[in-house]
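Student: Hi! Could you walk me through this one?
Tutor: Happy to, let's have a look together.
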Amino acid sequence: MTRPWKTIQWLRVALGALAVWIPASSQTLQPQAPQQTDWRHIGNTALDAGLAGIASGPVARVWYSDDGGTLSIRTRTGKTFSTEDFETWQALPGARTPDPVNAAVDRSPEPAAGAALQIRQAQRGRLYAAGRFVYRSEDGGVNWSNLTESRGESILGEGVNDVAVSPVEPDDVTVAASTGVWRSTDGGLTWASLNAGLPNLAFSRILATPSGVHGVRIAQGTSAFEWAPGERTAWRETVDADFAAELDRNARLSKAFNAAISTSAQSGDTLYAGFADGRIASSTDAGATWKVPFRLPGAGRIERIVIDPLDSRVALATLGSPASDQPAQTHGIHIERTMNGGVFWDDLTANLPDVPARGVAFERSSGAIYVSNDAGVYWTRGDLINLGPATQWASAGAGLPEGVPVVDVRLDAGGNQLYAGLLGLGVYSTTAPHRRTSPRVVSAADYSSRAIAPGSVLTVFGSEVRTAVAGGVTAPVLASSELRSEIQIPFDAHGSTLTLAVESGSGGTLRFPLPLESVSPAIFVDRDGTPMLLDSDSGALLDSTTPAHAGSHLQILSTGLGRVSPEWPAGTKAPTDNPPAVVANVHAFVGGQEAGVTKAILAPGYVGLYLVEIQLPSVVNYGPTELVISIDGKESNRVRLYVEP
């Protein structure tokens with residue numbers, strides 16, 4: 001027998017993941033100083049690239065201590081780490097990297113590698129070499145055995161930068177590769193990854209934010225990786241069509257212009273090309289003809305271009321360091337704006353730190369602009385509709401690890417969540433700071449702007465709500481902070497529209513006209529898109545490491561399911577015994593196949609939350625699949641469910 005009250009402890013954990021309430025502070029129309037944020041780490045720093053184990057970012061050097069008890073590495077970005085247990089890494093700021101000692105041999109295992117081939121001497125005349133593959137020789141380099149080749153590919157990924165041998169054990173060898181750190185204790189016959197827990201996720205872009213069954217996507221080199229909803233192990237290699245198209249476009253444009261194109265962006269027939277020397281070219285006919293490339297004096301490498309999806313004449317570009325042949329500037333240019341399709345670009349740098357800028361994101365309606373750079377994350381509110389002067393920037397990085405370059409920044413589709421990519425550490429998210437002066441009401445389940453329904457729980461981003469009135473009736477305020485507040489719509493709400501009036505913490509009244517429907521189902525997800533699902537019998541949270549099983553019962557935390565029977569007052573905990581049942585007929589589908597709904601009730605002991613229990617079909621496709629609930633033809637958000645036999 002399934003027992004919904006087993007969810008109570010799990011709901012406490014789930015709700016804690018949905019919101020972190022921050023003490024209130026004063027609001028300003030124009031950002032001038034750092035503001036409170038609620039940054040949360042998404043995923044980890046490990047990559048699953050189909051190699052011999054978990055990978056990470058490029059590592060340049062590796063060496064053992066004199067007694068062989070400590071292993072140290074230097075990453076491609078210059079950071080040094082060491083480990084004594086070959087599991088836990090400790091940072092070594094300012095540590096000296098010893099000079100490599102390359103052994104001389106008469107015969108190289110990779111003649112084409114030349115001086116790039118690293119060869120190390122071990123005890124008893126053994127040699128190890130690192131190039132495209134890792135090699136071992138027992139006769140001073142006359143003959144070599146390839147230790148990492150399989151079907152023409154390396155099991156450690158392409159490119160080994162360094163190799164080190166323990167001074168006390170010739171079978172203990174470690175390599176530094178483009179994919180991280182790998183160790184063998186049997187002379188290279190088998191390899192183990194040392195990358196778990198190593199903060200070396202060297203990536204360049206955030207390609208996408210969570211949406212439905214898809215999670216956060218990032219780019220490392222020319223590959224895309226995803227932290228899928230419910231993932232608990234590693235970023236997994238995936239295909240990102242837009243990213244692949246951009247790489248192909250950059251290559252084609254570099255050839256066409258006979259110059260290095262560092263970035264590009266396209267919307268319809270409008271195309272922008274950013275040059276490594278600071279020029280930007282634009283075309284309105286998909287590249288058939290081009291305007292004369294524009295360049296501000298002293299502009300450096302174009303790092304990123306983002307186009308306004310509503311008006312392709314509007315775009316922002318970030319810039320890195322000026323080219324070496326340019327005269328030194330008192331303050332470099334780090335962000336430019338065009339409002340006429342690239343005919344002219346104006347400088348928005350203002351008080352940004354004079355360090356290379358990387359990512360850029362903006363919201364047209366509010367004028368919010370975000371920039372990531374080597375000093376952190378910054379934002380301002382500018383005019384993206386009418387030409388205006390540069391505005392002052394404020395830090396949005398309070399709460400992020402200090403001193404870590406931020407390689408990219410991105411807003412979610414609704415402009416409610418801000419995502420930042422930190423070099424080596426991965427992706428973080430927070431409530432977008434500009435919501436403090438541009439509040440928005442969304443579904444508390446998935447932050448979408450779907451219609452509301454009687455009993456729905458809503459999130460008000462950017463406002464501390466003291467009181468709320470929905471359609472002339474008091475709406476209970478369930479939680480409130482400066483960053484966001486949660487409100488429940490009364491169960492007796494009626495009509496096709498409803499005006500939500502809230503008294504904000506600053507004393508003003510905000511009014512939001514909202515579409516109202518009898519039902520508007522939505523499944524709760526957290527910031528990385530993980531749905532709030534659990535096994536009915538064990539109470540375990542379902543994810544990639546704890547999948548559901550065919551024929552089992554699972555429970556879905558949701559909102560927007562409408563009226564219940566017997567009637568229940570909003571803002572009041574549902575009873576543990578005989579909780580009110582949903583009046584509407586709820587359906588559920590797993591991988592397109594209907595699953596039986598055994599219960600649809602208010603979550604026992606909680607306010608405004610619905611609990612839908614379903615039984616999975618006995619025969620269902622295994623692996624990741626889609627789950628959706630439906631009422632009267634209105635579907636919820638689609639979420640990812642992992643299923644095993």
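Tutor: One definition before we start: the radius of gyration is taken over C-alpha atoms, and the globule rule is 2.2 Å times the number of residues to the power 0.38. Also, keep in mind that this is a predicted model.
Student: OK, so how does the radius of gyration of the chain sit with that rule?
Tutor: It agrees, because a compact globule of 645 residues would have a radius of gyration near 26 Å and the chain has 28 Å. Along its principal axes, the C-alpha trace spans about 85 × 65 × 45 Å.
Student: How many helices and strands does the chain have?
Tutor: There are 2 helices and 54 strands.
Student: And what share of the residues is buried?
Tutor: Of the 645 residues, 55% count as buried. The accessible surface is about 26,100 Å², with 51% of that belonging to carbon and sulfur atoms.
Student: Which residues have the most contacts inside the largest nonpolar core?
Tutor: That core has 31 residues, and those with the most contacts inside it are L554, I556, V590, I614, L616, L627 and L641. At least two core residues come from each of β46 (553–559), β49 (586–590), β50 (593–602), β51 (610–615), β52 (623–631) and β54 (639–644).
Student: What does L627 touch, leaving out residues up to four places away in sequence?
Tutor: Its partners include I523, L533, F589, V590 and V639, as well as N637 and R638.
Student: Switching to charges, how far apart are the mean positions of the positive and negative ones?
Tutor: They are 3 Å apart, for 49 positive and 64 negative charges.

How values were computed:
Residues are numbered from 1 along each chain as its sequence is written. This is a predicted model: local features need pLDDT of at least 70, side-chain atom pairs count only at pLDDT 80 or more; totals for chains, interfaces and linings use all residues. Side-chain values use heavy atoms; hydrogens and water are left out. Helices (H or I, at least four residues) and strands (E, at least two) are DSSP runs, numbered from the N terminus. Buried means under 20% relative accessible area, exposed over 50%, partly exposed in between (1.4 Å probe, protein chains only). Accessible areas come from the Shrake-Rupley method with a 1.4 Å probe; for residues, only the protein chains shown count as cover. Lys and Arg count as positive and Asp and Glu as negative; His and the chain ends are not counted. The place of a charge is taken as NZ of Lys, CZ of Arg, CG of Asp or CD of Glu. A nonpolar core is a set of buried Ala, Val, Leu, Ile, Met, Phe, Trp, Tyr and Cys residues joined through side-chain atoms within 4.5 Å. Contact means heavy atoms within 4.5 Å.
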